[in-house]
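Please read it alongside the coordinates.

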Amino acid sequence: MSLKRKAGDVAADAAKKPKANGSITSFFGAPKPNPSTSSTNPAKPASDPTAPETQPVKFDKEAWIAKLSDEHKELLKLEIETLHESWLGALKDEVTSESFLNLKRFLKKEGESGAKIFPPLEDVYSWSRHTPLPTVKAVIIGQDPYHNLNQAHGLCFSIRPPTPAPPSLQNIYKCLKKDYPSFTPPPKNGGLLTPWAERGVLLLNTCLTVRAHQANSHAGKGWEKFTQKVIDTVAAKRTRGVVFLAWGKPAEQRVKGVNGSKHLVLKSPHPSPLSASRGFFDCAHFKKTNEWLKTRYGEDGEINWDLNVAPEDAGV
């Protein structure tokens with residue numbers, strides 16, 4: 001597989017930020033088709049236009065919002081305005097659950113206390129906008145968002161330029177280079193992974209927010225249940241097959257319920273410098289992902305892992 005970037009791999013509108021009072025439909029439009037899918041039906045692989053796939057149930061967002069109480073509308077403002085509609089439709093029952101509403105009440109108190117939260121609120125659900133549900137082909141599971149300034153932007157392991165790639169991400173590059181010697185990382189020692197997200201790789205942290213400079217400060221507050229529902233939704237809806245890349249024991253726990261006969265689950269030690277030498281560098285997960293996707297989606301189903309893309313072209 002060639003790792004050279006193809007024209008059109010990154011959608012121009014990914015660079016936009018959600019507007020506080022804008023219509024999510026007008027802002028985001030329809031979910032972007034994946035390069036490996038049919039132009040008329042993004043859920044059906046181009047290599048097999050008759051392949052069955054669970055189709056999303058039509059979601060009447062306005063009618064759903066109209067049924068919410070005033071408190072719930074206020075608590076769920078971020079989800080209403082920035083969670084991609086393909087995901088909101090699938091997760092609408094989860095976001096109205098008492099556990100999730102309690103999470104939002106906690107986050108509201110955090111904000112009112114003056115605590116700085118990362119990533120910026122408009123980026124908490126950026127994973128959903130870069131990778132709409134019908135386009136997911138692979139899932140990489142992270143843990144906690146980066147907790148320092150100009151780092152986290154809603155995609156696990158990805159870091160906003162000009163901040164250089166941290167050690168775990170540098171180890172990911174080393175693993176990729178073993179699989180594909182032609183792999184090129186982002187320019188200027190960067191760590192921006194939005195090109196992967198645009199190509200169907202869901203980059204999902206287990207917790208979606210963190211207090212500035214306080215690692216794991218939002219763990220155990222409710223994000224884990226929500227992101228588990230995201231993973232379960234992918235496994236249930238993407239019936240043609242998805243690759244789950246679980247690096248480290250916490251990520252392995254997240255995919256223990258995934259049906260291995262429908263999907264591919266790849267496990268290895270975490271890429272952290274503390275554990276990468278115990279097998280991560282030789283796991284060959286990137287090549288294994290593409291080999292498996294090719295059996296399900298054909299030649300066009302492979303993921304272009306190359307990251308030599310200028311930030312302005314990568315959706316930032």
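Just after H6, Gly114 adopts a positive phi of about 95°. The model is predicted.

H6 covers residues 98-112. Its 15 residues should span 21 Å at 1.5 Å a residue, and the end C-alpha atoms are 21 Å apart, so expectation and model agree. Which residues of H6 are buried? They are Phe100, Leu101, Leu103, Lys104, Leu107 and Glu110. The buried residues of H6 pack against helix H3 (70-75), helix H4 (77-82) and helix H5 (85-95). They also pack against S1, strand S4 (210-211) and H10.

H10 runs over residues 223-237. The buried residues of H10 are Trp223, Glu224, Phe226, Thr227, Gln228, Val230, Ile231, Thr233, Val234 and Ala235.

| Residue | Relative accessible area | Backbone atom reached | Distance |
|---|---|---|---|
| Thr131 | 0% | oxygen of Ala197 | 2.8 Å |
| Asp144 | 18% | nitrogen of Asn216 | 2.6 Å |
| Gln151 | 16% | nitrogen of Asn148 | 3.0 Å |

Take Thr131 to begin with. Thr131 lies in the loop between helix H7 (126-130) and strand S2 (138-141). Thr131 is buried, at a relative accessible area of 0%. Beyond its neighbours within four places in sequence, Thr131 contacts Trp87, Val136, Ala197, Gly200, Val201 and Leu202. Ala197 also supplies the backbone oxygen that the Thr131 side chain reaches at 2.8 Å.

The "active site" annotation in the unreviewed UniProt entry covers Asp144. Asp144 sits in the loop between S2 and helix H8 (167-179). Is Asp144 buried or exposed? With a relative accessible area of 18%, Asp144 falls under the 20% cut-off and so counts as buried. Residues up to four places away in sequence aside, Asp144 touches Asn205, Cys207, Thr209, Val210, Ala215 and Asn216. The backbone nitrogen of Asn216 is reached by the Asp144 side chain at 2.6 Å.

Gln151 is also placed in the loop between S2 and H8. At 16% relative accessibility, Gln151 is buried. Its side chain reaches the backbone nitrogen of Asn148 at 3.0 Å. With neighbours within four places in sequence left aside, Gln151 is in contact with Tyr146, Ser158, Ile159, Arg160 and Thr163.

## Aromatic rings

A pair of aromatic rings is described by the distance between centres and the angle between planes. The count here is 16 aromatic pairs. One of interest joins Tyr125 and Trp223: the ring centres are 6.2 Å apart and the planes stand at 70°, so the pair is edge-to-face. Tyr125 lies in the loop between strand S1 (117-118) and H7, while Trp223 belongs to helix H10, so the pair ties together parts 98 residues apart in sequence. Both Tyr125 and Trp223 are buried.

Which residues do ring pairs link into a cluster? The cluster consists of Phe157, Trp196, Trp247, Phe280, Phe281, Phe286 and Trp305.

A charge over a ring is found as well: Lys287 lies over the face of Tyr180, at 5.7 Å from the ring centre.

Notes:
Residues are numbered from 1 along each chain as its sequence is written. This is a predicted model: local features need pLDDT of at least 70, side-chain atom pairs count only at pLDDT 80 or more; totals for chains, interfaces and linings use all residues. Side-chain values use heavy atoms; hydrogens and water are left out. Helices (H or I, at least four residues) and strands (E, at least two) are DSSP runs, numbered from the N terminus. The expected span of a helix is 1.5 Å times one less than its number of residues. Buried means under 20% relative accessible area, exposed over 50%, partly exposed in between (1.4 Å probe, protein chains only). A polar contact is a pair of N or O atoms within 3.5 Å; within protein, one must be able to donate a hydrogen and the other to accept it, and residues adjacent in sequence count only if both atoms are side-chain atoms. Contact means heavy atoms within 4.5 Å. UniProt positions are given in the numbering used here, feature names are shortened, and annotations may be inferred rather than shown by experiment. Rings of Phe, Tyr and Trp (its six-membered ring) pair if their centres lie within 6.5 Å; planes under 30 degrees apart count as stacked, over 60 as edge-to-face and the rest as tilted. A charge sits over a ring if NZ of Lys or CZ of Arg is within 6 Å of the ring centre and within 35 degrees of the ring normal.
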